[in-house]
Every structure is written in C-alpha cells, then in structure tokens.
Amino acid sequence: MQRIAIVGAGPTGIYTLAALIEHKTPMAISVYEAGAQAGVGMPFEEDKNHQLMLANIASIEIPPLTCSYLDWLLEQPATFLQRYAVDKTSMHERQFLPRVLLGHYFRDQFLALVTIGQSRGHQIAIYEGCEVTDITAKGGIGLWTKKQPDKICYDRLVIATGHVWPSPIDNKPKYFPSPWSGLIGTHIPASTVGIMGTSLSGIDAAMAVAVQHGQFHEQPGHVDNTLRFECNSASTNLKISLMSRSGLLPEADFYCPIPHESLTIVTTETIARQIEAGPENLLDRVFTLIAQELALCDPEWSTAIDLPGLNADTFAEAYFSDRAKRNPFNWARHNLEEVVHNKQSKHTVPWRYALLRLHSAVQEIVPHLNERDQERFNQGLKRIFIDNYAAVPPESIRRLLALRNAGVIEVQALGENYHMNIGSKETVITTTDNTLHFEIFIDARGQKPLDLTDLPFPRLRKQLLASGDELPQLEDDYTLVSPAVAKHRITLAALPFLMHDKPFVQGITVCAEIGKTIGSSINPSKAEVLGEIPTEAGLPSQ
C-alpha cells in the first residue's frame, strides 16, 4: 500500500481524507492531530468560541461529506441544539448558526469517513493529541512527533495545519494577540476594551466581552429594532471600541443564487489569456474586463458610480465613498433592512453578486503581477473583494446595533498613520489627532500570510529556505516544487502559506477544493517509496 500522512485534521485534512478514500486501490493513511479530537478544526473548538460567535457560512454553501450540514443538524436531538439556542423546527439551509456546531458536524463526518474508508479496504490510523514536531524530505519523506522520537516514513505527506494564531504574552495579560488566544474563558473587567479589526472576528470578540456584562433580549413587535442589550448594573463602565484604518463596518450577507452562476466576460479562459500576455499592464487590462462585467450585470449601478471614468486605483474610493460619509451604525442599520427585505423576496443585487463571483477569478493574476501592480492591487481591488465576500451574518449586525443602542460600543477610524504601544497595564494608540487608552486590548485582524521562515518544522524549513525562496513554490496540486526529493511528495495545504499568491484562499469551500485537488493528484496504484519504511512503533492507533 502507498503510505500517506495527513498533518492536521481540520476542514482541509477532512476533505483530503474524503477524496483519498474514493480511490479503489487501498492505501495506508495516517492522520495526525495536535488537538484532543481529530476532525473538529481549531476555528470551531468549543473552548475557543462562545455560542454567540456565528459561522459565516450556511449549509447551502458547505460542500457535503457523508451528508449535508442541514441534514446532519436535523438528525440531532432538539435538546442538543437548544444548548446553542437553535430551534430545530425553524432551521433552513441559508441559516447562520454558532460555529461550534460546525465543529460537532466535522467531528462526526470525520469519524464516518474513517469507518467508510476502512470498509473499503483502506488502513486508517488516527493519532490525536499528537503534535508533529518535524518533517524532512531527506532519505524519504518522514516526520517526528512528541510521542515518537524516531522518524516515521511515508510516500506522501500533506501539511494541512490550518490557521496559526499567536500565543498569549506572559507579561502582558491584558493584551490578546487574537480572539483565539485565551479570550474565551478569561474574565474581562467592565472597562475600556479596544478591538483592532471591524470584520466578523472583531465583532465576535466584542460579543465575547459584552455577554460577560449583560444579556441580549428579543423585543417582539418592535419593527425597527427587535433586539435589545441590557447591561448589568455593575458593568456600566464597559466601553468597547472597534477600530480600523477606515472605521467602516462590514455589510450583512446578501441573498444570491447558489451554486454561483457563471460570469460572461471574466472567465477562466479570458484571465488565462491576460496572464499569458505578460505582466506589463496586467492589472489595468484585467480591470477593463471587470468594469465590462459589472456594466453588463448592473448598468444602473455602474452608471451611478461613474464606472467608465474609474480605473484600478480609483475604483475603491468610489466603491466605499457613500459608506465613508455616513455614520457606520446608521449605514449598518440601513444595510440590514435592505438585506432582510431582499432575502425575504429572494432578490439579488446584481453588482454585489458580480463582485462575489469576480474575486476568485481575478485572484489568479496575483502571482503574475509586478511589484508595483501588487501594491496597487492590495490598495484597491483586494479591499473591495474582501469587503464583498466577507459580509457577515445579519444577526451579527443586529447584535452590534443592540450594543450601540445600549451605549456599549463605538467605532474608531484610526487613519493611515497611527502608532500602537502595547504595555503590561494598558494599550495606547496614538493617531494624527487623538490618543486612545485601553485597559484591555484584542487584536482581531485575522490570519496574516506566512512565509517559509514561519514553517514550524525545522528540518523542512531549512531544506526549503536552502532553495533560495522565502515563499513556497508549489505545483497546481499544492505539492512542493523543491527540493527535488520532495517534489510531488510533500503537499503544503496550510492556508496561511498560500495567501501570498492566493489572497482570498480562506473558508470551508476553499478547503474542500484543495482537498479534492490533493486527493485527485495521488495515484495509489503507483507507490514510489523512498527508502525503508519502518513501522510506527510507539504510536497507538486511536
């Protein structure tokens, strides 16, 4: 049998396993998970999330494994769902639910896939609570774990370690480098709380703090605002500030057809032709196609923002212009009303839907842009695409507005030039015209792209850096190009290491696509073994 190791049992590892067990030729598959339970996925772990933290994806968008997310939910006891304030009788496929429920779904699906794979003749071993400490491409593809001091060899190895969040800083207990670095479970006093980032991660961090000091209450019969936040009498000093350079809040998720309809002008073929034409003016040529697609999809909106008079550098300013002029909470309230109405009437806003489909097609040009156009792309089109596809659950906006009405939360625009000083007692942010002091500070700006110097496996990191590249060089199937001994044998599918060339490579649908690509690229009937393959002594299968 060909021997394959999957390092990491979150969504990417799960979808990779699902693709591998489709092969008729049996394989020996080992799954290594540093966490206590394989299949849960760090973003969905119970101890890192509050039930108010919503998954930004609905069942209709999640590629099914052994069953759809909704079908799995409907099979669960009503009492289990009630623990997460979910009513079984009102569930539907476009509903946004607590993200910890996704962890339960993926765990069950992972175990079901293992059973199915074993019934088809695959040998599958699961190593939970087993951190892989090193990987090498010398003398065969091998790995080491904290539980096993000797190298274990494989024919193929898939690195699917997912997001990487910084650890808390010992001498700075009032600073959280991410919402997943000890925030959940820590008592936050009713004081000044600064949160860097206004996306869903920032909103979720605000919810995790707020629920320690009050409760949300539904108000049936109130048309304009059905949700109220009541702050505890002892917590009146709680003041939460969401911050970003622009001070804009994200918009609420909008209704659109799923699966997505095809674009007419910006297609895989037209983008490929532009890339083949060379990097000179590549960004501007592609923007011309984007403008044509938007004008075709929504001529009224395109005329309203003067799209024919815009370019790759001025489009972002026009796109954000109206929102930037308005109070962010007033804009959020208006947007929420629009989104709710459109979902009820199943109305799709054409330009929003066009941008949603455009981002994945346009992403292909990123590694081919020259340095100047890379910077222009990051300042312009990238901001627009992220704002569009990172729309948040409408319920998150409702809660944000309830906190605003209670006088608990505000939004601060820091501008382009600000300085942040993280101390042991407080964090101070100095802007051009203001100085902000926070007793508690949470950095919620999300995952940053990583390069090879961040790779947590010393031997492999040394081998890859020796090739002279700081960014991973990958084939279309995510296997390493160099060193030669690793080519087509080690697959780097950890999302943070892919974000330089693929800035929008995030989310469960992307994990599913990557897993399918990896599974399809492996030919189990052609095992090319490098060196001796010792047994996995000392690692009991679980």
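Aromatic pairs, in which the ring centres of Phe, Tyr or Trp (its six-membered ring) lie within 6.5 Å, number 23 in this structure. The structure is a predicted model, in which local features need pLDDT of at least 70 and side-chain atom pairs count only at pLDDT 80 or more, while totals for chains, interfaces and linings use all residues. Residues are numbered from 1 along each chain as its sequence is written, and side-chain values use heavy atoms, with hydrogens and water left out.

Two of these pairs are set out below, where stacked stands for planes under 30 degrees apart and edge-to-face for planes over 60, the rest being tilted.

| Pair | Arrangement | Centre to centre | Between planes |
|---|---|---|---|
| Tyrosine 175 and phenylalanine 441 | stacked | 6.3 Å | 15° |
| Phenylalanine 385 and phenylalanine 504 | edge-to-face | 5.8 Å | 80° |

Tyrosine 175 counts as buried because its relative accessibility is 9%, and buried means under 20% relative accessible area, with exposed over 50% and partly exposed in between (1.4 Å probe, protein chains only). Phenylalanine 441 is buried as well, at 0%.
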